[in-house]
Amino acid sequence: MRGTVPPMESPVLIRPLTSHDDFKECVEFQRTIWGLDYGDVVPASILKVSARVGGVVAGAFDTEGAMMGFVYGLAGLRDGKPIHWSHMLAVAPSHRNGGVGRRLKEFQAREVAIQGIRTMLWTFDPLVARNAHFNLNRLGARVEEYVEQMYGETGSALHTFGTDRFVVRWEPETAPAPQSETELGEEELVSIPGDVESLAARDPAAARRWRTTSRDAFSRLMSHGYGVVGFRPGSPGKEPTYVLRKVAGPAT
């Protein structure tokens with residue numbers, strides 16, 4: 001059946017959200033992930049309307065029918081061309097690092113391709129190393145721009161050190177493999193903490209300093225024509241690091 005990914009190597013069912021109960025569960029899931037004070041929860045009515053006009057609203061469920069994660073995006077235009085903006089993807093902490101996020105994103109890409117859309121855009125926090133590794137290294141997405149305070153103050157405890165974001169572009173059918181270290185040439189490096197969310201919980205001021213330092217570095221380099229071309233996840237004793245180099249055309 002179109003729109004359903006059956007369980008494969010793991011007991012996960014990916015399917016569209018279609019019922020009132022589905023959408024209500026998704027709203028509660030958002031609050032579980034981002035906190036009860038999160039002010040940017042997408043309500044059930046907007047989830048339902050989005051799904052009816054070309055958006056993708058899908059969930060990952062375990063064998064008991066409990067939601068493990070969800071993805072939400074909507075169609076639009078950018079520079080006069082159709083794109084899909086993937087606004088939210090979240091996986092419950094107990095199910096992370098098991099491929100659920102990737103399967104949700106791949107499901108979304110297939111649904112978008114059915115509509116004839118080949119380009120997807122979304123944002124992620126440059127300071128969250130696991131998301132950088134997933135988006136840039138695993139999926140092969142490419143950074144288009146750096147946006148300061150993309151979402152402003154949201155009320156979420158996860159956003160106490162600001163909501164600066166990278167906007168990335170992903171074209172699943174043509175996404176290149178991540179570049180190897182030998183292909184990078186002259187480069188500039190920007191380091192980030194290994195786990196900024198844990199750091200923010202125990203030392204909020206330190207997390208905010210990382211935000212300010214990295215913002216200054218990305219803004220300076222990208223305004224001088226550098227683009228993000230790689231991400232090194234880090235290792236014991238080494239911080240995760242973005243690799244930037246001069247790119248063709250203007251950088252934002």
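Colleague: Where does Asp22 lie?

Modeller: Asp22 is part of helix H1. Keep in mind that this is a predicted model.

Colleague: Is Asp22 buried or exposed?

Modeller: A residue is called buried when its relative accessible area is under 20%. Asp22 has 7% relative accessibility, so Asp22 counts as buried.

Colleague: Which residues is Asp22 in contact with, leaving aside its neighbours within four places in sequence?

Modeller: Those contacts are with Arg15, Pro16, Leu17 and Met67.

Colleague: Now the helix itself. At what angle do H1 and H2 pack?

Modeller: Helix H1 covers residues 20-34 and helix H2 covers residues 44-52; the angle is about 120°, and the axes are 9 Å apart. Angles of 65 to 115 degrees count as roughly perpendicular and those over 145 as roughly antiparallel. H1 and H2 are therefore oblique to each other. Their crossing is right-handed.

Colleague: Which residues make the contact of H1 and H2?

Modeller: From H1 come His20, Phe23, Lys24, Cys26, Val27 and Gln30, and from H2 come Ala44, Leu47 and Lys48. By type, five residues of this contact are nonpolar, two are polar and two are charged.

Colleague: Next, the sheet. What is the order of its strands?

Modeller: The sheet is open, has seven strands and runs S1-S2-S3-S4-S5-S7-S6, with mixed pairing. An edge strand pairs on one side only, and here the edge strands are S1 (13-16) and S6 (142-147). From one strand to the next, the twist averages 25°.

Colleague: In what sense do S6 and S7 pair?

Modeller: S6 and strand S7, residues 165-170, are antiparallel, and five bridges join them.

Colleague: Which residues of helix H4 are buried?

Modeller: In H4, residues 129-138, the buried ones are Ala129, Ala132, Phe134, Asn135, Leu136 and Asn137. These buried residues pack against H3, S5, S6 and S7, and also against S9 (226-232) and S10 (241-246).

Colleague: What follows H4?

Modeller: Gly140 follows H4, and its phi is positive, near 85°.

Notes. Residues numbered from 1 in each chain as written. Predicted model: local features only at pLDDT ≥ 70, side-chain atom pairs only at ≥ 80, totals over all residues. Heavy atoms only, no water. Axes fitted to C-alpha atoms, helices over the stretch in contact; angles between N-to-C directions. Helix = DSSP H or I, 4+ residues; strand = E, 2+ residues; numbered from the N terminus. Parallel < 35°, antiparallel > 145°, perpendicular 65-115°, else oblique. Left-handed = near helix turned anticlockwise from the far one by under 90°. Contact = heavy atoms within 4.5 Å. Nonpolar A, V, L, I, M, F, W, Y, C, P; charged D, E, K, R; others polar. Buried < 20%, exposed > 50% of the residue type's maximum accessible area, 1.4 Å probe, protein only. Pairing = 2+ DSSP bridges.
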